[in-house]
Every structure is written in structure tokens, then in C-alpha cells.
Amino acid sequence: MSYQTLLTNLQENIFTITINRPDKLNALNKTVIDELSMAIDEIYSNESIKSAMMTGSGAKAFVAGADISEFLSLDAQGGKLLAQKGQENVFNKIENAPKPIIAAVNGFALGGGCELAMACHFRLASNNAKFGQPEVNLGLIPGYGGTQRLTQLIGKGKAMELILTGNMVDANEALSLGLVNHVTNPEELLTTTIKILQTIMSKAPLAIAEAIALVNHAAYGKSDGLKKEIESFGKLFDTQDAKEGAKAFLEKRKANFTGK
Ligand code: COA
């Protein structure tokens with residue numbers, strides 16, 4: 001499938017989505033949101049896609065936020081719909097994807113850009129990346145999940161400070177806050193992300209999917225997480241891959257997982 005505002009590429013089972021509006025620092029306008037929704041559907045439905053990576057076009061930005069030029073025409077109902085559609089069709093779908101999706105943050109990740117990175121399962125950043133939720137500068141708040149996911153990732157005090165001040169943090173501070181897992185040189189960002197995805201793809205896909213769902217469950221503070229873990233743990237024993245994993249260990253060879 002080809003897109004107007006995204007570049008996509010499927011290589012060795014890794015689907016790369018590059019938001020491609022570099023002249024507008026990859027700001028998320030309506031077309032980008034609609035196309036991201038379709039590209040994420042591809043991740044769910046295409047069996048050749050085993051994992052995905054999200055990045056931005058150009059050297060300057062991952063995504064500099066929602067497209068502010070679309071804001072002036074919005075009223076309360078329009079704003080609510082923008083947030084609701086974005087959350088349901090893009091951000092929550094990324095978070096709940098059964099295949100790993102990593103953000104490779106190559107520059108500014110502001111507002112909706114920081115939220116997009118946070119919806120991914122985890123984040124790598126190049127050393128020129130900058131993160132922030134500057135919506136208060138526009139008389140707004142984050143609407144694509146930022147108040148919830150930033151709090152989950154860095155804790156209440158720091159999330160409160162970043163959201164109330166609109167201040168940015170650089171890649172190293174993002175690393176120390178736990179907002180990103182690794183910082184690399186810009187040239188090594190994608191290759192390092194690919195290496196991590198390859199490690200994950202060498203594991204059993206059904207176990208990976210269950211693990212994603214359970215960690216997400218925990219992040220929302222739900223009380224039945226341990227019970228759910230017992231159910232998922234048990235369910236996996238009925239998979240061929242769990243048999244193969246144990247057999248391979250005992251036979252001192254590499255497991256050959258099939259996703260069954
Ligand atoms: N929405 C729409 N357009 C945006 C944008 C956004 N969120 N962020 C950047 N752009 C556009 C600029 O308007 C400019 O377009 P132009 O060349 O047609 O004038 C272009 O991208 C380049 O941005 P510019 O501001 O000139 O780059 P800079 O290096 O001076 O500043 C930023 C970079 C990221 C600090 C600055 O663009 C910025 O503050 N952007 C908005 C961030 C924001 O508030 N995001 C949250 C939105 S809810």
C-alpha cells in the first residue's frame with residue numbers, strides 16, 4: 001500500500017513507518033492520522049510483518065506535534081473528536097498491537113510526537129532528540145494519551161512538571177527519566193533499533209503478544225494483572241512453540257519458533 005504522508009518499507013519481516021512531512025517537521029495532520037491508522041492495520045493483518053519501527057523523515061524531527069494549522073477551526077466537539085479518533089484509531093492500536101513496535105526518535109518529539117513515541121512499546125532516541133508536551137503554550141493539554149502515558153513512564157512528579165511547564169528534555173535526560181531505553185548517534189539509531197527487533201523476533205510470537213498485553217495491563221494499574229498472568233502463562237503451555245522452546249533447551253540447540 002502506498003501513502004501520501006508516510007513512507008513504508010517491509011524488510012526481513014520488519015515494517016518501517018516513516019512519517020514524511022519534513023517541511024512541517026512531520027506534524028500530524030488529518031491525513032497523517034488516517035494513514036497511520038491504515039499502516040497500523042497492516043501491522044496487525046500482514047503475516048509477513050513480525051515487528052515494526054516508527055520514525056520521522058529528515059534529520060530534525062520525529063514528529064513536532066499535531067498540526068497546529070488545523071486547530072483554529074475546531075470547537076469543543078471538534079477537539080473531542082480529534083482526540084477520540086486519534087486515540088482509538090492510532091495511539092491505542094499501536095499500544096495494543098500483538099507485534100512489537102519501537103519508536104526510533106530522530107529529533108523533536110513534541111506534543112503528539114512525544115505521545116506517538118510513548119504509544120510504541122518502547123523508545124530509542126538519537127542524541128539530538130528532544131521530548132516535550134508543549135500543549136499548555138497553546139492553551140491546551142495533551143489529547144493523544146500524553147497525560148496518562150507520560151505519568152506511567154516517568155512518574156507523577158516529573159510528568160506533572162513537563163506537562164505544566166511545556167519544557168523540553170534532551171535525549172540523555174529522557175534516558176535518565178526512563179522515557180527512552182537507549183540513546184545512539186543519529187547514524188546508528190535505525191540499525192540499533194533493528195537489532196533489538198531481531199532479538200525480539202527470534203522469540204516465540206505468541207509469548208511476545210501475551211507479554212505485551214500483560215505489561216500494558218499493568219501500566220494502567222488494573223488490579224487483576226496477576227490473575228491474568230496465570231491464565232496467559234497456562235495458555236502458552238498449549239502452544240507448539242512452548243514445547244519447541246523446552247525441547248530445544250534440553251537438546252542444547254536454538255529453538256525454531258513458528259508462532260503456533
Ligand atoms: N504544526 C504545524 N506546523 C508545524 C508544527 C506543528 N506542530 N511544528 C512545526 N511546524 C512547521 C512550522 O510552522 C514551519 O513551517 P513553515 O516553514 O511553513 O513556516 C516548519 O514546520 C518548520 O518549523 P520551525 O518552527 O520554522 O522550526 P524551528 O527549528 O524554528 O522550531 C520547533 C522547531 C519544533 C521548536 C517549533 O517548530 C515548534 O515549536 N513547533 C510546535 C511544537 C508544538 O507546540 N507541538 C505541539 C502541538 S499540539
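This section describes the ligand site, the salt bridges and selected residues of a predicted model.

In one, a backbone N or O atom of Ala66 lies 2.9 Å from a ligand nitrogen. In the other, a backbone N or O atom of Ile68 lies 2.9 Å from a nitrogen atom of the ligand. Asp23 also contributes through its backbone: one of its polar backbone atoms is 3.5 Å from an oxygen atom of the ligand. Taken alone, the ligand exposes 870 Å². The protein buries 59% of that area.

Together with Leu138 and Leu140, Ile68 makes a nonpolar surface patch of about 250 Å². Leu140 sits in the loop between β8 (130-132) and α4 (146-154). Its relative accessibility is 37%, so Leu140 counts as partly exposed.

A search of the whole structure finds eight salt bridges. One of them joins the side chains of Arg21 and Asp67, with an N to O distance of 2.9 Å. This pair links distant parts of the chain. Arg21 lies in the loop between β2 and α1, and Asp67 in the loop between β4 (61-63) and α2 (76-95). The two residues are 46 positions apart. Both Arg21 and Asp67 are buried.

Glu95 and Arg149 form another salt bridge through their side chains, again at 2.9 Å from N to O. Here the link is between helices: Glu95 is in helix α2 and Arg149 in helix α4. The partners are 54 residues apart, and the pair connects distant parts of the chain. Glu95 and Arg149 are both buried.

Glu251 and Arg253 provide a further salt bridge, in which the closest N and O atoms are 2.8 Å apart. Glu251 has a relative accessible area of 44% and is therefore partly exposed. Arg253 is partly exposed because its relative accessible area is 35%. Salt bridges with shared partners join Glu244, Glu251 and Arg253 into one network.

Helix α4 also holds Leu150. Leu150 counts as buried because its relative accessibility is 1%; the cut-off for burial is under 20%. Beyond its sequence neighbours up to four places away, Leu150 touches Met118, Gln133, Gly155, Ala159, Leu162, Ile163 and Leu179. Leu150 and Ile230 are 80 residues apart in sequence. Their C-alpha atoms are 28 Å apart in space.

Ser37 belongs to helix α1 (residues 30-45). With 12% relative accessibility, Ser37 counts as buried. A polar atom of the Ser37 side chain lies 3.2 Å from the backbone oxygen of Asn89. Asn89 is also among the contacts of Ser37, alongside Val90 and Lys93, when residues up to four places away in sequence are not counted.

Thr18 lies in strand β2 (residues 14-19). At 13% relative accessibility, Thr18 likewise counts as buried.

Backbone geometry draws attention to two loop residues. Most residues other than glycine have a negative phi. Glu12 has a positive phi, near 45°. Glu12 lies in the loop between β1 (6-11) and β2. At 61% relative accessibility, Glu12 counts as exposed. Asn26 has a positive phi of about 60°, although Asn26 is not a glycine. Asn26 is placed in the loop between β2 and α1, the loop that also holds Arg21. Is Asn26 buried or exposed? Asn26 is buried, because its relative accessible area is 0%.

Methods
Residues numbered from 1 in each chain as written. Predicted model: local features only at pLDDT ≥ 70, side-chain atom pairs only at ≥ 80, totals over all residues. Heavy atoms only, no water. Helix = DSSP H or I, 4+ residues; strand = E, 2+ residues; numbered from the N terminus. Buried < 20%, exposed > 50% of the residue type's maximum accessible area, 1.4 Å probe, protein only. Patch = residues over 30% accessible without salt bridge, like charges linked within 9 Å, V, L, I, M, F, W, Y side chains within 5 Å. Areas by Shrake-Rupley, 256 points an atom, 1.4 Å probe, with all protein chains shown as cover. Salt bridge = Lys/Arg side-chain N within 4 Å of Asp/Glu carboxyl O. Polar contact = N/O pair within 3.5 Å; in protein donor to acceptor, adjacent residues only side chain to side chain. Contact = heavy atoms within 4.5 Å.
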